[in-house]
Structure formats: structure tokens, C-alpha cells
Amino acid sequence: MQSLKSHPALLFALFNQFSSQSLTSFLSFSTKCRCLHFNETTSMIDYLNSNFQFSKTQSLYISKRVSRGKFPQNPSSVLTFFKQIGFSQSQILSVIRQRPQILFTDVDKILRSKIEFFQMSGFQGRELCSFISKHPSILTHSLKKTLVPSVEAIRKIVCDQKDFILVLHRCGWILPKYKRFMDNAVFLERCGILGTHLALLLKLHPRLFIAQQSTIQNRVSRAVDLGFRENSRMLVHAIHTLSCLSDKTFERKLKLINSFGFSNDEGLQMFKRTPTLFRTSEMKLKVGMKFFLHTVMLPKSVLIHRPQILMYSMEDRVLPRYKVFQLLKSKNLCKKVPNYIHVLCLSEEMFLDKYISQFRENAEELLVAYKGHYLEA
């Protein structure tokens, strides 16, 4: 072959020896191949349209994503299997749109055993269908090599069955990455995050479990440097918050707190007491600070010791309860004027019972102040 490449004239002579009939035959064969592929695609679209009520657009999308040669390997058995389990049409379409190859998977050899495994793990009925349609890629991974060890790894961390199902449903995408997941879980345990605290971190921030270990180390070290104790619940919340924010965003929110007269140390005290405070939007922090410091005239020490009140909804809780509080004072309904922070921190049921229901003669007016409209008894 090399000698032919080095002698163009000889190669040209050999080419001329092909008859026109041979060339015509070659072109005819190529055209037939293209037609065959076109007919296969067309028949697949017709098949999906007529048998499974997919639109032409949906069927064309599926046919383009499935490699040639896999049709017609009885996709009806797959769809029948999903319907028998309880999948809705939209859930089946979701699975196929994300992973078209599943439509051509052997039910008895591959799919059934995987579905049964998740059923034995605790997924049943609608919950199972919702889980699979949300994470269909798990059906393309090995049961023994990937799914079983990854589910067992998560179960070792999350012992409560309800939480276990919740974690799997939220982060089924983590299953194929279980080796990194296990390495990072062990690493986090070495960092002092153990037992229920490790389970809490997995529920709050599952993506941290597949991050680079250097990233995890940085988050844990920074939280500890800020004063959080190892193996504490607050350390978990701090790591979660620090993982959600860039260093610049964290510093910007700290400066925002400083702008209302708080020192750096006081701002960090607020973070230590309520780490999730720094995940509150800057606008919400501004509005809350202005209201509590300038309208309610709270001393800064109250916000330092109870920063969680800055996270309460202004529209649904803070302002309505303040209106009720003002009305109680103006009408002298209470023998002793209640503390507004006490009023603010009560549960909804206790607030209604203690500051509205017991004042029957003024209940309607108090309700209008609280809700802005009349409520049914």
C-alpha cells in the first residue's frame, strides 16, 4: 500500500481499470445504505407514534438519540413494564428523553432486577416512579458493581428510613459516583463530622460529598477557624453555608452588617449563632436591619444574640405581628406589655391563641391588623 502511495501514476492506472458498471454498483450500494437507515428511522418514528402516543417531534428526538441496529428490539416490553409498575405517560417520556437507550433494554435480564432492588430499598408506588423518572441514568449502571454498593454506603450514613429515602430521591445522581462519595465520607469523619452530623450534612449539601478533598478541607478548616467546634451541629450548618457562598460574597455580607454599626467580631458572632443568616439575600438583610434597629428601636445586642429574627418573613410574620403588638399597646389589652421579640418568636398557633383568640371583643380588629382581612372563625 505504501508503494502505491509513492507512485501516483500507477494508482491512477489501477483506478481506471474499474469499469463504469463497478462504480455504478458501488454508488447504488451506498444509496441503499442511506435509504435503509432512513427507512429504519422512519419506521421507528411510526412505531413510537402508533404504539405509544408520542408526538412526531418526541419520536424523532428519540430515534435520533438511539444508535442504529438497536431497533426493533421490542421496546413495547419496556414500556409495558413501566406502565405495570405505575409510571405515567409523562414519566415514561421523561425517562426516554433523558436515556433513550433504556427503551431497548432487556426487561427480564436487566431492568426488572434493578427496579426490584429499589423496591426492596424502600421505594414503592408513586415514590418509586418519581425517583426513577427523576434519575433514569441509574438504570444504565451495573446493579452489582455500582447500585448495590452505593445504596449500602448511603444507608450506613443515613440510618433513618424516611431520611434515607429523602436523600436518595434528592441526590440519586450521586449513586454512580459512590467511590468518591465513600472516600469523602471517610475524610469528613476524620475531620470530626460523625454520625447524625454527617447524615445532616449529606441531606443539606450532597454535592460536597463528590467534591475534591482539597475543597472539603478548605471548608472545614475555615469553619473551625471561625470558632465552630468539631462534631457539632453548627459546624455542619457553617460548612453548608461556606460551601454555598464565595469568599467575596461572605465578606460582602459581613461588611453589610458592619455598615449598621456592628463590629467584625459582632458580625461573626451572629454568623456563629445562625450560620444560615449569611445565605439570606442582601436586600432582606438590609430591610430587616433597618426595621429592627430604626423602627422597633431594638438594641444591637438583641440582633447579636438572636440573629435568626432577621431571617423571618417581613410580609408574613414580622410586620403583621408588629401591627398586633402596637394595637395591644395602644388599647392597653395586656396587663403587662409583652416583649415584641417574645411575640415575634412564638409559633403561629401559640401567637394566635395568646394574643388574638383570648381578646374576644377585639379579636376581629386584631385579626385585621394581623392578616389585613377578615378571617373565617
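Predicted model: local features only at pLDDT ≥ 70, side-chain atom pairs only at ≥ 80, totals over all residues.
Residues are numbered from 1 along each chain as its sequence is written, and side-chain values use heavy atoms, with hydrogens and water left out.

The residues of α17 that are buried are L285, G288, M289, F291, F292 and L293. Helices are DSSP runs of H or I with at least four residues, numbered from the N terminus. Helix α17 comprises 14 residues (282-295), which at 1.5 Å a residue should span 20 Å, and the 19 Å between its end C-alpha atoms agrees with this; the expected span is 1.5 Å times one less than the number of residues. M297, which follows α17, has a positive phi near 65°.

In helix α5 (residues 75-85), the buried residues are P75, V78, L79, F81 and F82. Seen down the axis of α5, these residues fall within an arc of 155°, and therefore line one face of the helix, the arc being that of the directions from the helix axis to the C-beta atoms. Just after α5, G86 adopts a positive phi of about 125°.

The structure holds 0 disulfides, a disulfide being a pair of cysteine sulfur atoms within 2.5 Å. C191 is buried, with a relative accessible area of 10%, whereas C159, at 67% relative accessibility, counts as exposed, a term that applies over 50%.

Notes. Helix = DSSP H or I, 4+ residues; strand = E, 2+ residues; numbered from the N terminus. Buried < 20%, exposed > 50% of the residue type's maximum accessible area, 1.4 Å probe, protein only.
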